Amino acid sequence: MDHLTETQQRIYRETLDKVIGEGRDVRDVLPLIEGASEDLAAVADEFCAGAGEGYR
């Protein structure tokens, strides 16, 4: 996670909090998070390599 920008780290933490706190699937939560597509792509890749392709 060290390679993520501050914004991307914030999005990652927000997403993880929702996934864990609400028992939801990351694929359902990530599209709800506000952010630039490159940030969302980086965060999706952090959860699962290659998952960010849909956000690029």
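Predicted model: local features only at pLDDT ≥ 70, side-chain atom pairs only at ≥ 80, totals over all residues.
Residues are numbered from 1 along each chain as its sequence is written, and side-chain values use heavy atoms, with hydrogens and water left out. Local features need pLDDT of at least 70 and side-chain atom pairs count only at pLDDT 80 or more, while totals for chains, interfaces and linings use all residues.

The structure holds one aromatic pair (ring centres within 6.5 Å, with the six-membered ring used for Trp). Tyr-12 and Phe-47 form this pair, at 4.6 Å centre to centre and 25° between the planes, and it is stacked (planes under 30 degrees apart). Tyr-12 lies in helix 1 and Phe-47 in helix 3, so the pair ties together parts that are 35 residues apart in sequence. Helices here are DSSP runs (H or I) of at least four residues, numbered from the N terminus.

| Residue | Helix | Relative accessible area | Class |
|---|---|---|---|
| Tyr-12 | helix 1 (residues 6-22) | 16% | buried (under 20%) |

The axes of helix 1 and helix 3, lines fitted to C-alpha atoms over the stretch in contact, come within 9 Å and cross at roughly 55°. Contact means heavy atoms within 4.5 Å; on helix 1 the residues include Ile-11, Tyr-12 and Leu-16, and on helix 3 they include Leu-40, Val-43 and Phe-47.

Notes: Phe/Tyr/Trp six-rings, centres within 6.5 Å; stacked < 30°, edge-to-face > 60°. Helix = DSSP H or I, 4+ residues; strand = E, 2+ residues; numbered from the N terminus. Buried < 20%, exposed > 50% of the residue type's maximum accessible area, 1.4 Å probe, protein only. Axes fitted to C-alpha atoms, helices over the stretch in contact; angles between N-to-C directions.
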